[in-house]
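Subject: Structure handover

Hello,

Here is the structure I said I would pass on. My notes follow below it.

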Number of protein chains: 2
Amino acid sequence: MFENRNKRTELSGLGEFGLIRHLTKDIHIKNSSTLKGVGDDAAVLDYQGRKILVSTDLLIEGIHFDLTYTPLKHLGYKAAVVNFSDIAAMNAFPEQLTLSIAVSNRFSLEALDEIYSGIYLACERYGVDFIGGDTSSSVTGLMMSLTVLGAASKADITYRDTARIGNLVCVSGDLGGAYMGLLLLEREKKVFKADPLVRPDLEGYDYILQRQLKPEARVDIIRKLRDLRIKPTAMIDISDGLASEILHICTGSKTGCSLYEEKIPMDPATMQTSYEMGIDPTVSALNGGEDYELLFTIDMKDYEKIKDDPDLSVIGHITDQSGGMNLITRSGGQVPLKAQGWDAFFERREEKGERRKEK
Amino acid sequence: MFENRNKRTELSGLGEFGLIRHLTKDIHIKNSSTLKGVGDDAAVLDYQGRKILVSTDLLIEGIHFDLTYTPLKHLGYKAAVVNFSDIAAMNAFPEQLTLSIAVSNRFSLEALDEIYSGIYLACERYGVDFIGGDTSSSVTGLMMSLTVLGAASKADITYRDTARIGNLVCVSGDLGGAYMGLLLLEREKKVFKADPLVRPDLEGYDYILQRQLKPEARVDIIRKLRDLRIKPTAMIDISDGLASEILHICTGSKTGCSLYEEKIPMDPATMQTSYEMGIDPTVSALNGGEDYELLFTIDMKDYEKIKDDPDLSVIGHITDQSGGMNLITRSGGQVPLKAQGWDAFFERREEKGERRKEK
């Protein structure tokens, strides 16, 4: 609804090898760990004794994204970045990416180019090598499967099930914005569908739109933690909402937690839109998802190192398992935290557009 | 058309985390290179200085496979094995596998279990660890994306673009059988569609059906070559037919080749069915695809080591590029080799069910 493409080259005009050549012709290898990228039966990597992190992700049109308001370049960028975020969540840096993509004949070469340009832009910005994949036609729509590889020393790797009682719970950036961006886009889509002459009203919503359409992976936070000589005791990225992710940490670590509502970082634009939509901002942060911020626990001794950092918030602490997992509200009440995450097989909540992984 | 399932459990009854627990509960890690499999943001691997091979593959219902005659367990097995074959084609061994899968609500838990049981059986047989993936609902049908990782020392890795003039061209096993199996299944499907009371006539076709429905990756050949102290000068697996693959080797290596029609190994069952179908058996071998045998070149000095091996055939030799790529026919004629491979964007040859990779 926000795009207009003029040129259209049918994919059938290139043949598959021609298409692959076209799509991969400008790739330059950036990492010394990449010995061979696109072009053989397999890519060849050399991690020289460092540990290898592998994560994979599936994105399906109509389930995970809606092309009526997602520009193709943004879609490619986001698809790559959310995978990079999984590697960051292990306290590591992404180095290689594969993309398998299937498209119906509805998609032209120019459309594919847009998707790949987003993928390549993300690879460029994050220093990641694109090392191959698979291309295919599909019966309906667009489907992407991405696999990212990253590196870390064994000592640096941070799992989600290793939080300890007394640890502080920290979060990077702010929460709830991506979900507000999604609700806004869905609202304007409905308006547009009802009357195509009404132009979408997206003025002044730049921040939450960017949070939804062009999120970033917080590898900058990983670098910062290295500089501060902080190794988190446990870490996860926030793809499904704060509540779902802290439950993963606590359940895995066999602990409880107390989170303080007033400490949950939120941007004013997110709060304002949340009120506009009639949603409690805290609910947006707890259950919204797709923020791709990092949720991690640190030893109390590291508190001084981060307490004045505007990009890191201490939002609670890890407790004994018997204490349960609780939110301490602004009024001082205590509410049990529940994951309201999206469930791919219970209901198809397309309007949330969330992703779910084997984690 | 060959299956009847009785029990049906809706996926919606489990929830996604329940589903993932169910599907991954019996996984046991086999390789010391797998430090952490399913259960965190990323799997963690340790290759201890060995090189890493990565290959990925996309399989879409209606494009790459037809569930009317493909049992789900076979589908899972084959999906894994064809990925293992890509690692074998690098003269290496597969060690880890990820599977991302999307299914529509047409699929029950029992159906998913069947697919995974095939995947796990392949992992068991090939000593591969299943380390994670992604699950999702789909708008239509079944989609799988697999990524396999394997290991080799730098000295062992064999690329496709390093054949040298005078090298012998070798192939493992026999060719054309998988394609004949596919044509047979397609034929019986048509008969069945015309009259559902007619039972499929598959008696006596076991070999070609197995070649199509349950291929194997020739890691046994890789082991044999190690034992014989042969390092191929170039190697590729035959997923698209002999002609297409030898063209990859010759084009990449900037050489020509002469292949001898009479030397191309074919099983009698394949030849017989080929005649039945009115197809020249040589055409089946050259263009059929999906045999997943290995095509490789060796130095002349290694000839003595393999000449009596019933599982390896020398089918020609590498020539100067100016000589072109030719088939020497049984009658002594010379025919230029052409890739008749499937092209995903030119035409959708569903009846061939072939896969195509970025190679």
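Helix H2 (residues 72-88) of chain A packs against H3(A) at an angle of about 40 degrees, and their axes are 6 Å apart. That angle makes H2(A) oblique to H3(A); angles under 35 degrees count as roughly parallel, over 145 as roughly antiparallel, 65 to 115 as roughly perpendicular and the rest as oblique. Axes are lines fitted to C-alpha atoms, for helices over the stretch in contact, and angles run from 0 to 180 degrees between N-to-C directions. Helices (H or I, at least four residues) and strands (E, at least two) are DSSP runs numbered from the N terminus.

This is a predicted model, in which local features need pLDDT of at least 70 and side-chain atom pairs count only at pLDDT 80 or more, while totals for chains, interfaces and linings use all residues. Residues are numbered from 1 along each chain as its sequence is written, chains are lettered from A and ligands numbered from 1 in the order in which they are written, and side-chain values use heavy atoms, with hydrogens and water left out.

On the H2(A) side, the residues that meet H3(A) include A:Leu72, A:Tyr77 and A:Phe84, and their partners in H3(A) include A:Ile115, A:Ile119 and A:Tyr126. Contact here means heavy atoms within 4.5 Å. The residues of this contact divide into twelve nonpolar, three polar and three charged (Ala, Val, Leu, Ile, Met, Phe, Trp, Tyr, Cys and Pro count as nonpolar, Asp, Glu, Lys and Arg as charged, and the others, Gly among them, as polar).

Helix H1 (residues 16-24) of chain A has buried residues, among them A:Leu19, A:Ile20 and A:Leu23. Buried means under 20% relative accessible area, exposed over 50%, and partly exposed in between (1.4 Å probe, protein chains only). The buried residues of H1(A) pack against helix H3 (109-126) and strand S5 (129-137) of chain A.

As a whole, chain A has ten helices and 13 strands, and 63% of its 359 residues count as buried. Its C-alpha trace spans about 65 × 60 × 35 Å along the principal axes.

Two loop residues have positive phi without being glycine. A:Arg229 has a phi near 55 degrees, lies between helix H6 (219-227) and strand S8 (234-237) of chain A, and is exposed at 74% relative accessible area. B:Lys254 has a phi of about 55 degrees and is exposed at 59%.

Regards
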